[in-house]
Amino acid sequence: MFGRSRRDEPFEALHWDEITQFTVGRTLRNTFRTSKRGEGAHAVRFVRTRGGDEYMVPGVYIVPVEPAGPLAKGGFRLFEDEAGRQLLCTVLPDGSDRYRVTDTAGRELGSVRRTPVTKRLTQQGLWMEQLGHPVIVAPRAWARGGPGASLGRGAGHVLDGIVDSLLSFGSDEATGSGGSLKPVVWATVVGAGEGADGTGEAVLTFPRRSDGTRWYFVKRDGWLDKRLAFALAVLRETDTIGGDRR
């Protein structure tokens with residue numbers, strides 16, 4: 001249309017299952033200038049480039065179950081449209097360490113779970129279960145013995161309260177040895193049960209770039225249900241950043 005800048009034209013929609021790189025929040029543009037970033041709906045966003053600028057385009061919209069309540073406490077729903085007519089999934093806490101993720105018909109897809117305090121020195125704070133697949137965890141960079149390791153080796157007598165105070169808030173943002181930024185990688189557990197001692201296939205990655213951008217990467221044709229990845233990222237960003245970014 002005459003007089004309309006191409007910069008302001010909407011981007012082509014992307015089906016949620018085609019999203020392979022995403023972030024969570026309201027920011028519209030990835031730029032150093034705060035005044036040019038802009039804000040939109042709270043959403044899972046994918047990247048598009050136009051005129052040399054990176055835009056974070058909404059792909060899945062985040063709506064709290066309790067409008068005035070925190071996402072992590074009351075749960076949330078993900079919608080394909082901003083008007084909230086096309087439900088994608090619902091994420092609800094069950095009163096324990098588990099968030100059940102269900103589809104539009106209420107069928108369970110899997111869950112996002114919080115790591116027990118006694119394992120937070122070796123495993124990142126959130127992990128996933130998908131029906132019909134091995135559990136998916138993210139070992140910490142300094143862990144020895146894989147994701148099944150616990151504080152039992154020499155640190156088992158550390159008080160839970162002390163560990164929790166060190167690792168609960170923002171725990172997934174710790175650096176690796178030497179202070180370098182290490183990627184967080186969620187991968188399947190090798191072996192069975194809690195005694196598993198290694199990781200297998202990587203399915204979700206958070207590179208932790210030094211420029212501060214918070215992108216998650218998931219395989220296009222992988223078996224991981226992206227709705228679980230979205231749910232984990234929303235909960236993790238709520239925990240790490242503080243508040244619901246909305």
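This is a predicted model: local features need pLDDT of at least 70, side-chain atom pairs count only at pLDDT 80 or more; totals for chains, interfaces and linings use all residues.

**Charges over rings**

I began with Arg50, which lies over the face of Phe11, 3.9 Å from the ring centre. A charge counts as sitting over a ring if NZ of Lys or CZ of Arg is within 6 Å of the ring centre and within 35 degrees of the ring normal. I then found Arg236 over the face of Phe206, at 4.4 Å from the ring centre.

Residues are numbered from 1 along each chain as its sequence is written, and side-chain values use heavy atoms, with hydrogens and water left out.

**Aromatic pairs**

How many aromatic pairs does a search of the whole structure find? I got four. Rings of Phe, Tyr and Trp (its six-membered ring) pair if their centres lie within 6.5 Å; planes under 30 degrees apart count as stacked, over 60 as edge-to-face and the rest as tilted.

Phe11 and Tyr55 have ring centres 5.2 Å apart and planes at 50°, so I logged the pair as tilted. Phe11 lies in the segment before β1 (21-27) and Tyr55 in strand β4 (residues 53-64), so this pair ties together parts 44 residues apart in sequence. Strands here (E, at least two residues) and helices (H or I, at least four) are DSSP runs, numbered from the N terminus.

The cut-offs are under 20% for buried, over 50% for exposed and partly exposed in between (1.4 Å probe, protein chains only).

Next I checked Phe206 and Tyr216, a tilted pair with 4.8 Å centre to centre and 35° between the planes. Phe206 is in strand β12 (residues 198-206) and Tyr216 in strand β13 (residues 216-218), 10 residues apart. Phe206 is buried at 1%, and Tyr216 is buried at 0%. I also noted that Phe22, Phe206, Tyr216 and Phe230 form one aromatic cluster.

**Strands around β4**

I followed β4 through its partners, where two strands pair if DSSP finds at least two bridges between them. Strand β2 (residues 29-30) runs antiparallel to β4, joined by two bridges; Arg29 has Tyr55 as its bridge partner. Strand β3 (residues 39-50) pairs with β4 in the antiparallel sense over eight bridges, and Thr49 stands opposite Glu54. The β3 and β4 hairpin has two residues between the strands, and Gly51 there takes a positive phi near 60°. Strand β5 (residues 76-79) pairs with β4 over four antiparallel bridges, with Ile62 opposite Leu78.

**The core**

Which residues touch the most other members of the largest nonpolar core? Of its 41 residues, they are Phe22, Phe76, Val112, Met128, Trp186, Leu204 and Leu224. Such a core is a set of buried Ala, Val, Leu, Ile, Met, Phe, Trp, Tyr and Cys residues joined through side-chain atoms within 4.5 Å. Helix α4 (residues 226-241) gives the largest share, eight residues.

I looked up Leu224 too: beyond its neighbours within four places in sequence, its contacts (heavy atoms within 4.5 Å) include Met128, Ile136, Val218 and Ala229.

**Whole chain**

To finish, I logged four helices and 13 strands. Buried residues make up 42% of the 246 residues.
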